[in-house]
Amino acid sequence: MADKYQTEFDYRFKILITGDSSVGKTCVLCRFSDDVFRATFISTIGIDFKIRTIDLDGKKIKLQIWDTAGQERFRTITTAYYRGAMGIMLVYDITNQKSFENIRNWIRNIEEHASSDVEKMILGNKCDMEDRRVVTKDKGEQLAIEYGIKFMETSAKASINVEEGFVTLARDIKAKMDRKLDAGGAAKGPGGVQVGSGTTQKKKEWKLCSLF
């Protein structure tokens, strides 16, 4: 009998979460992967990741989600992880104007280091903190329209739109991959990401990738 923690998957997508330090990237990831929220986190050092498998349109999608350090001193480390990414979440804090302005810098960084057809989404996090808001929802939407990518406001604390954001990004990646498969019958997606059945570990698990 197969291990109850083993599962077949049809697609495996690598997704990055980027943005300035303290915008809530790790909180967003933990809310999606484990449905938990912790008010305090130690800043991510380098990169770590979680894995979650979701059901999407009758297919099992294994999401390997990388949480990148937002500090400038780790920028040269994290750029290496853009390679092979099929989706990127750009996160800012609606109570922090600078983190919103820096989304443009993150997009430029992505354009330099990631695949040209990587799917992107902007998340305006901490939307539960309305009394401290400095970035309007309209501004977030306008920025997303400018770059031709999708946008949602989220709250890891209140569990608002986190699940929807990742599922939407995964669906967009899958749709793009399906179009490529229909056109060329390729067996792998960008960066050699596997398409087809395989075996993965426990649906939700914590892993640490040491870079030092």
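In helix 4, residues Ile103, Arg104 and Ile107 meet Leu143, Glu146 and Tyr147 of helix 5. Classified by residue type, this contact of helix 4 with helix 5 comprises 4 nonpolar and 2 charged residues, with no polar ones. The model from which these contacts derive is predicted. Helix 4 spans residues 103-113 and helix 5 spans residues 137-147; their axes come within 12 Å and cross at roughly 25 degrees. Because angles under 35 degrees count as roughly parallel, helix 4 and helix 5 are therefore roughly parallel to each other. The crossing in which helix 4 passes helix 5 is right-handed.

Asp93 has a relative accessible area of 5% and is buried, since the cut-off for burial is under 20%. Its side chain makes a polar contact with the side chain of Thr95, at 2.8 Å. When residues up to four places away in sequence are not counted, Asp93 touches Ser22, Val23, Ser99, Asn125, Lys126 and Val135.

Helix 1, formed by residues 25-34, is mostly covered, with 9 of its 10 residues buried. The buried residues of helix 1 are Lys25, Thr26, Cys27, Val28, Leu29, Cys30, Arg31, Phe32 and Ser33. Just after helix 1, Asp35 adopts a positive phi of about 55 degrees.

Definitions and conventions:
Residues are numbered from 1 along each chain as its sequence is written. This is a predicted model: local features need pLDDT of at least 70, side-chain atom pairs count only at pLDDT 80 or more; totals for chains, interfaces and linings use all residues. Side-chain values use heavy atoms; hydrogens and water are left out. Axes are lines fitted to C-alpha atoms, for helices over the stretch in contact, and angles run from 0 to 180 degrees between N-to-C directions. Helices (H or I, at least four residues) and strands (E, at least two) are DSSP runs, numbered from the N terminus. Angles under 35 degrees count as roughly parallel, over 145 as roughly antiparallel, 65 to 115 as roughly perpendicular and the rest as oblique. A crossing is left-handed if the near helix is turned anticlockwise from the far one by less than a right angle, and right-handed if clockwise. Contact means heavy atoms within 4.5 Å. Ala, Val, Leu, Ile, Met, Phe, Trp, Tyr, Cys and Pro count as nonpolar, Asp, Glu, Lys and Arg as charged, and the others, Gly among them, as polar. Buried means under 20% relative accessible area, exposed over 50%, partly exposed in between (1.4 Å probe, protein chains only). A polar contact is a pair of N or O atoms within 3.5 Å; within protein, one must be able to donate a hydrogen and the other to accept it, and residues adjacent in sequence count only if both atoms are side-chain atoms.
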